[in-house]
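Biologist: I am new to this structure. Could you show it to me and walk me through the terms you use?

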Amino acid sequence: MLGFLVRLLPFWIREPLIILVGTVFGVRILFMALVDGEGWVPAVIGAVFLLGAALRVRVVVHALRARRRRPPATEAELAPVTSAPVIPAPVTPAVRRPVEKKPNAFAQASFAIGLFAVIGGALWIEGKLPEDGTAATGASRPAACRLDEDEELPGAYRSTPGAVTGADLCRALNGTELPELLGTPAERSVYASGTDNTAPLTDRKVAQPEARVEFETYTVELSATYNKLTVAQYAKLTTYGDGRDARKLTVLGRPALLTSDHMMKIQFDLGSGEGASGPVEQGPLARTLTVAFDGKDRGGSYDLTVWSESGLLPDDSALVDIAEAVLPRITRGARGQD
């Protein structure tokens with residue numbers, strides 16, 4: 001199909017286009033073979049591209065010479081013209097016809113070469129820039145947030161003044177600085193989502209939006225719970241369990257608490273035969289930073305949780321840095337204001 005479309009182009013557009021594409025591909029493949037050490041096979045392929053471009057250049061040069069060369073006059077044109085009696089014909093008014101302009105081959109070729117040169121330059125510049133389009137940070141572009149925009153917002157959000165949604169949390173959490181704060185600046189997020197959940201065992205009366213951002217090393221979750229439980233009360237509850245890893249601190253002038261707990265692991269058999277369904281198992285250890293909504297700790301909190309499949313966790317200071325960067329930019333979006 002592509003070859004058919006190329007053959008439909010005029011000669012003075014098709015040939016420069018083939019020469020440009022062949023030269024670009026040939027030089028690029030040869031660069032990969034000679035500089036990047038890709039081996040002799042890419043070198044041969046690149047040489048074939050350049051050879052094809054050189055043959056096309058030869059064809060264009062021959063065509064240009066043929067256009068400039070005028071054919072010699074024939075004997076009939078050089079023979080003297082004998083006059084013959086002319087019978088006068090009735091004079092009719094001459095009709096002036098518009099002069100048909102022939103397409104300028106050189107202008108077409110120049111336009112085609114210029115157009116593809118601009119496209120090639122734009123692609124080359126885009127490849128040199130970082131993925132987020134800025135040379136200052138060098139950070140990669142995060143994955144786009146996946147949202148359940150078609151689902152109706154639960155009534156708990158409409159009855160809770162100031163409640164944000166999963167989309168609001170995902171926009172705040174899924175920033176370009178998140179990998180660096182986690183200690184893995186070379187990674188980029190592979191998945192991001194926001195959901196408008198409600199807290200369990202509350203009959204869907206307590207809003208609890210959540211956002212998740214996944215990397216190759218870590219997974220980060222951010223949730224907001226709009227209940228009456230204060231951070232101070234939650235800290236007391238941890239003393240009844242295994243609260244050896246719990247630590248009280250202050251983040252952004254608000255009471256905060258660091259705790260550790262294991263994630264849950266559930267396995268399902270979807271008919272592939274590769275695994276079997278089983279009971280809920282203990283998953284990897286997770287570290288959670290709970291921060292009150294305000295400095296007076298009047299109820300409700302944000303939970304920032306980090307874990308990894310390998311069981312490794314970043315330092316507690318990383319969770320504090322993430323909270324200080326993310327929490328101030330949580331704002332209600334258009335859906336949250338309905």
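Here we go through the words one by one.

Modeller: This is a predicted model, in which local features need pLDDT of at least 70 and side-chain atom pairs count only at pLDDT 80 or more, while totals for chains, interfaces and linings use all residues. Residues are numbered from 1 along each chain as its sequence is written, and side-chain values use heavy atoms, leaving out hydrogens and water.

Biologist: Why is L201 called exposed?

Modeller: Exposed means over 50% relative accessible area, buried means under 20%, and partly exposed lies in between (1.4 Å probe, protein chains only). L201 has 89% relative accessibility, so L201 counts as exposed.

Biologist: And what makes D203 exposed?

Modeller: The relative accessible area of D203 is 63%, so D203 is exposed too. L201 lies in the loop between β2 (191-198) and β3, and D203 is also placed in the loop between β2 and β3. Strands here are DSSP runs of E with at least two residues, helices are runs of H or I with at least four, and both are numbered from the N terminus.

Biologist: What joins β4 to strand β8?

Modeller: There are 7 bridges between β4 and β8 (residues 301-307), and these strands run antiparallel.

Biologist: What makes β4 mostly covered?

Modeller: In strand β4 (residues 219-225), 7 of its 7 residues are buried. T219, E221, S223 and T225 point one way, whereas V220, L222 and A224 point the other way.

Biologist: What is the largest nonpolar core?

Modeller: A nonpolar core is a set of buried Ala, Val, Leu, Ile, Met, Phe, Trp, Tyr and Cys residues joined through side-chain atoms within 4.5 Å. The largest one has 37 residues, and L173, L222 and L289 have the most contacts inside it. Helix α10 (residues 316-326) gives the most to this core, with 5 residues.

Biologist: Which residues does L173 touch?

Modeller: Contact means heavy atoms within 4.5 Å. Not counting residues up to four places away in sequence, L173 touches several residues, including L222, L304 and V326.

Definitions and conventions. Pairing = 2+ DSSP bridges.
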